[in-house]
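Trainee: I would like to learn how to read helix packing from a coordinate file. Please show me on an example.

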Amino acid sequence: MIEPHEPTADAVAKDFTALFGREPEGVWQAPGRVNLIGEHTDYNDGFVFPVALPHAARIAVARRDDGLVRVHSSQGDGRVVGFTVESLRPGSVEGWAAYPAGALWVLREAGHPVPGFDLHLDSDVPFGAGLSSSAALLCAVLLACDELLGLGVERPQLAKLAQRAENDYVGAPVGVMDQTASLCCEEGAALFLDTRDLAQRQVPLDLAAAGLVLLVVDTHVEHGHADGAYRHRRAGCEKSAALLGVPALRDVEATGGAELEAVLASLPDEELRRLTRHVVTENARVLEAARLLAAGDVRALGPIMTAGHASQRDDFTISCPQSDTAVDTALAQGALGARQTGGGFGGCVIVLTVPDRVPAITAAIESAYAAQPDWNAPSFFTATPAPGARRLA
């Protein structure tokens, strides 16, 4: 099992001082997330149900008065990346540094005065694992800027700014779930979020009291939001909504069965029907999951998770052999439910199970992966609902 290394605020601040020769003005962190259910519904104005992770992007920051920005990551190549605030344009900074650059760019675009900064990052959110490492970094930077500059931006609006930075500066067509989860989740709760109006509700989630754990399986198959497969599916969803005469697929009024099939039959090709079926049924799964969890029936999340994975695999076609193997193996070992979480095409699988089954599940998944000579070995950790972004020091 791999647990987060959780660098302390003092450690991040000391690294900042060693790099830049002065003390930071503060240390902030923003967490990654796993999504219990509700995949690819956010950019369709639908419903999502994430929890924040203990894993977080932690940054030490201090302002500069010369417009220069210097950023460094403990997970990078050791270089300090430099650029000026005035030079920021979409695409002007590449690699991991594009995310803090995008945060500053979007604040300027929103009309806020932005000075220079020195910034040091130490993150234990696995990169490319579908756990929102990029959103965590963006949200940490935006929260630090909001507090240091006294901007007074409410957290849902900070999430929208973070989404715009990722959409328009980095070029990844993501929805608003990841950023809202990172900024707004609360400890011990799942966040029920309506992505159309950003209405949200904290739903208590005490896994230990229910005698359960949420096991995260990192397949070590990297995924990417900026690639063509993600864009293609989003474009297909938008095309389906236009053909059905609704603002977004969230507005398709179909409860399932013959009613849904009638809606799907009006679409011109099978791919659009599959994409639409996933979004409509996934929204229904989120609503049902929130209802059951609010009633205290945590175990009932299992079948909903498993049904969500089948929809990702068969209708949205965003799973991969490693994810499918992890899900099938976990279920065969007695898990209550399992599904791929995140944007898809790899990343992580979440497994709802009783603690006693964790050793057998992890051993069976490791064995199944080892039987495939070209697969990376998986890694595992357990997730508990953590608090959202906050200042540490």
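Trainee: Is the crossing of H3 and H4 left-handed or right-handed?

Mentor: This is a predicted model, in which local features need pLDDT of at least 70, side-chain atom pairs count only at pLDDT 80 or more, and totals for chains, interfaces and linings use all residues. Residues are numbered from 1 along each chain as its sequence is written, and side-chain values use heavy atoms, with hydrogens and water left out. A crossing is left-handed if the near helix is turned anticlockwise from the far one by less than a right angle, and right-handed if clockwise. H3 and H4 cross in the right-handed sense.

Trainee: At what angle do H3 and H4 pack?

Mentor: Axes are lines fitted to C-alpha atoms, for helices over the stretch in contact, and angles run from 0 to 180 degrees between N-to-C directions. Helices are DSSP runs of H or I with at least four residues, numbered from the N terminus. For H3 (residues 133–148) and H4 (residues 155–170) the angle is about 125°, with the axes 10 Å apart.

Trainee: Where is Ser134 found, and which residues does Ser134 contact beyond its neighbours within four places in sequence?

Mentor: Contact means heavy atoms within 4.5 Å. Ser134 lies in helix H3 and, those neighbours aside, touches Tyr99 and Glu166.

Trainee: Is Ser134 buried or exposed?

Mentor: Buried means under 20% relative accessible area, exposed over 50%, partly exposed in between (1.4 Å probe, protein chains only). Ser134 has 16% relative accessibility, so Ser134 counts as buried.

Methods:
Helices (H or I, at least four residues) and strands (E, at least two) are DSSP runs, numbered from the N terminus.
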